[in-house]
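Start with the fold, then turn to the backbone. Keep the sequence at hand while you read.

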Amino acid sequence: VAMATVRGVKLDPRALESIIRFQEVLHETLGRNRRKASIGLYDLSKLSNKIYFKCLPLSEIKFMPLEKDEVLDGYRILSETEKGRIYRNLVAENYAPVLIDSNGTFLSMAPIINSQDAKVTTKTTDILIDSTGFDFNFISSIVALMAYALSFYGGKIGFLKHNYPNSSF
């Protein structure tokens with residue numbers, strides 16, 4: 001996982017639509033329909049300061065997916081959401097990677113769908129960007145592209161410290 005922040009963004013409805021459309025184009029093209037990279041955008045004000053990337057059993061993954069009005073577990077996310085049905089083949093049969101903050105707020109079930117709890121809206125000013133995949137240099141480039149696109153809306157880009165078991169940068 002690679003991450004960055006963009007703070008001080010001013011998004012009107014048209015700008016928000018444009019950013020989300022750009023995210024989807026990156027998913028489909030450079031991200032090879034999320035097989036090579038997936039991207040998440042989150043309202044930073046709704047999250048704690050530590051974000052964890054881990055693999056959990058689908059039964060333990062419980063959050064409200066984007067555009068849903070109820071909490072679903074991982075199995076239901078894969079079967080009851082459009083993105084879950086399309087991309088379910090990208091996760092294991094009973095486990096999936098998730099991004100979760102230190103308060104237990106789910107950001108996403110990567111590379112499937114993000115959480116409603118951290119959804120970016122026109123009121124969002126500070127955005128966390130993530131990209132997940134198997135090539136750190138590649139996903140770092142994806143994060144940089146998204147950050148650059150968001151900087152056009154008045155944002156200032158910041159990169160985060162990444163801590164891994166044997167290294168940090």
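Helices (H or I, at least four residues) and strands (E, at least two) are DSSP runs, numbered from the N terminus. Residues are numbered from 1 along each chain as its sequence is written. The model is predicted, so local features need pLDDT of at least 70, side-chain atom pairs count only at pLDDT 80 or more, and totals for chains, interfaces and linings use all residues.

An open sheet of four strands comes first. Its order is β2-β9-β1-β10, and the pairing is antiparallel. Strands pair if DSSP finds at least two bridges between them. β2 (37-43) and β10 (156-159) are the edge strands, each pairing on one side only. On average, neighbouring strands are turned by 20 degrees against each other, direction ignored. Strand β1 (residues 2-7) runs antiparallel to β10, and four bridges join them. Within β10, I157 is the bridge partner of V6.

Helix α4 (residues 136-151) lies across β1, β2, β9 (126-133) and β10. Contact here means heavy atoms within 4.5 Å. The helix runs at about 155 degrees to β9. Axes are lines fitted to C-alpha atoms, for helices over the stretch in contact, and angles run from 0 to 180 degrees between N-to-C directions.

Now the backbone. Most residues other than glycine have a negative phi, and most peptide bonds are trans. The peptide bond from A110 to P111 is cis, with omega near 0 degrees. P111 sits in the loop between β7 (106-109) and β8 (113-114). E67 has a positive phi of about 65 degrees, yet is not a glycine. The loop between β4 (62-63) and β5 (72-73) holds E67.

Definitions and conventions
Side-chain values use heavy atoms; hydrogens and water are left out.
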